[in-house]
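Reader: I would like to learn how to read a helix in a model. Please take me through one case.

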Amino acid sequence: MILSLEEAREALRIDGEDNDTIIIPLVQAIPNYLKITTGRSWMEDDNPLAKVAAKFILQLWYYPQSEDASRVQRTIDSLLMTLAAEARSITARKWLDG
């Protein structure tokens with residue numbers, strides 16, 4: 001996973017295990033979401049930008065009605081565009097290196 005359960009709790013500012021049944025499926029869904037939206041799997045890399053994007057996505061999914069939801073969504077959109085560009089660059093480098 002891109003985020004560990006502990007990292008997810010920290011990003012959400014949640015103590016304890018009471019909400020793990022909600023948090024775990026959200027964390028498990030993030031890698032597929034990133035792959036669909038960026039065109040690349042970020043599971044094999046320890047990419048700090050993918051980790052940051054994952055934390056923002058988790059916050060939006062966990063707190064969808066928060067006052068900051070629209071700002072968080074704009075941040076996610078920007079991060080996803082950057083990750084998609086990075087994915088294209090990585091693919092191009094691999095193709096050129098043959």
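This is a predicted model: local features need pLDDT of at least 70, side-chain atom pairs count only at pLDDT 80 or more; totals for chains, interfaces and linings use all residues.

Reader: Which elements does the protein chain have, and in what order do they run?

Author: The protein chain has 4 helices and 0 strands, and from the N terminus on the order is α-α-α-α. Its C-alpha trace spans about 50 × 25 × 20 Å along the principal axes. Of the contacts with a separation of 6 or more, 70% join residues 24 or more positions apart.

Reader: How many of the 98 residues are buried, as a percentage?

Author: Buried residues make up 37% of them.

Reader: What span should helix α2 have, and what do its end C-alpha atoms give?

Author: Helix α2 covers residues 20–38, which is 19 residues; at 1.5 Å a residue it should span 27 Å, and because its end C-alpha atoms are 27 Å apart, the two agree.

Reader: Where does α2 have a kink?

Author: The kink, of about 30°, is at I30, shortly before the proline P31. After the helix comes G39, with a positive phi near 80°.

Reader: Why do residues three or four places apart in an α-helix point the same way?

Author: An α-helix has 3.6 residues a turn, so such residues point the same way. Now the case here: the buried residues of α2 include I23, L26, V27, I30 and L34. D20, P31 and T38 are also buried.

Reader: What covers the buried residues of α2?

Author: The cover includes α1 (5–12), α3 (48–62) and α4 (69–97).

Terms used
Residues are numbered from 1 along each chain as its sequence is written. Side-chain values use heavy atoms; hydrogens and water are left out. Helices (H or I, at least four residues) and strands (E, at least two) are DSSP runs, numbered from the N terminus. Buried means under 20% relative accessible area, exposed over 50%, partly exposed in between (1.4 Å probe, protein chains only). Contact means heavy atoms within 4.5 Å. The expected span of a helix is 1.5 Å times one less than its number of residues. The bend at a residue is the angle between axes fitted to the seven residues ending there and the seven starting there.
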